[in-house]
Amino acid sequence: MLIITIKQGKEKSLQSGDPWIYLSAIDKVEGKPHERSKIGATALVQSSSRQFLARAAYNAKSQIAGRVWTLREDEPVDHALIKRRVQAGLSRRIDTWRSADPQALVPLIDGEQDGLSGLQVHGYGGADGYLVCQFNAGGVEYWKVPIVQALLKETSCPNVYERCDKLVREAEGLPFRARVLAGEEPPQRLTVRVDGRLAPMDIRTGFIYPR
């Protein structure tokens, strides 16, 4: 198990609900070297007096070295937690997506708001369309397979594509790897409603074509 010890006084931001642990707030990280180098591995976070603070995804290559999964000591970080978080996030927005204009790009998962720090998911074209995911942090990258499995099950949308922001991924020490995760790749050019008007867009990258 990885154990992150926070510098004295730096635990206050965590206790007030901040989901990010900056590298500068960490006193030390204990654990086997191969675990410390594993991007997104779960760590127990404790205060300088060794009191439990949180469980977080650890990434030694990022300035945001920890992203909180839970503040509950009795809540393990496992497949069940990931499934619950995806379900809860979708439950807030899936009805809007299902009733929306099929040409709209609808947000379905919103990172920190849904307890899935670094994950963004948008839907296009309804249940037979496409889900476009961005895994912008080590923790959600580590749990990518169960996240995608939960998205497929809960939305019944067969097509999932991973969109990559090169600069964001590099800052997290993650490879640049845009690709199909399930089903078919979206076409390079689709008509998307943007700010109330229709525009040609590549939803794989977010690029809007000039008219």
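These questions and answers look at salt bridges in a predicted model.

Visitor: How many salt bridges does the structure hold?
Guide: A pair counts when a side-chain nitrogen of Lys or Arg lies within 4 Å of a carboxyl oxygen of Asp or Glu. In this predicted model, the number of salt bridges is 18.

Visitor: Is Lys38, which bridges to Glu35, buried or partly exposed?
Guide: The closest N and O atoms of Lys38 and Glu35 are 3.2 Å apart. Glu35 has a relative accessible area of 23%, so Glu35 is partly exposed. For Lys38 the relative accessibility is 30%. Buried would need a value under 20%, and exposed one over 50%. Lys38 therefore counts as partly exposed.

Visitor: How many residues apart in sequence are the parts that Asp114 and Arg93 tie together?
Guide: Asp114 and Arg93 form a salt bridge, with the closest N and O atoms 2.8 Å apart. Asp114 lies in the loop between strand 7 (105-110) and strand 8 (119-124), while Arg93 lies in helix 3 (residues 79-99). The pair therefore ties together parts whose separation in sequence is 21 residues.

Visitor: Are Asp114 and Arg93 buried or exposed?
Guide: Buried means under 20% relative accessible area. Asp114 falls in that class, and so does Arg93. Both are buried.

Visitor: Which residues join Glu141 and Lys144 in one network?
Guide: Glu141 and Lys144 meet in a salt bridge, at 3.2 Å from N to O. Glu141 is buried at 14% relative accessible area, and Lys144 is buried at 7%. Salt bridges with shared partners link this pair to Glu162, Arg169, Arg177 and Arg179.

Key. Residues are numbered from 1 along each chain as its sequence is written. This is a predicted model: local features need pLDDT of at least 70, side-chain atom pairs count only at pLDDT 80 or more; totals for chains, interfaces and linings use all residues. Side-chain values use heavy atoms; hydrogens and water are left out. Buried means under 20% relative accessible area, exposed over 50%, partly exposed in between (1.4 Å probe, protein chains only). Helices (H or I, at least four residues) and strands (E, at least two) are DSSP runs, numbered from the N terminus.
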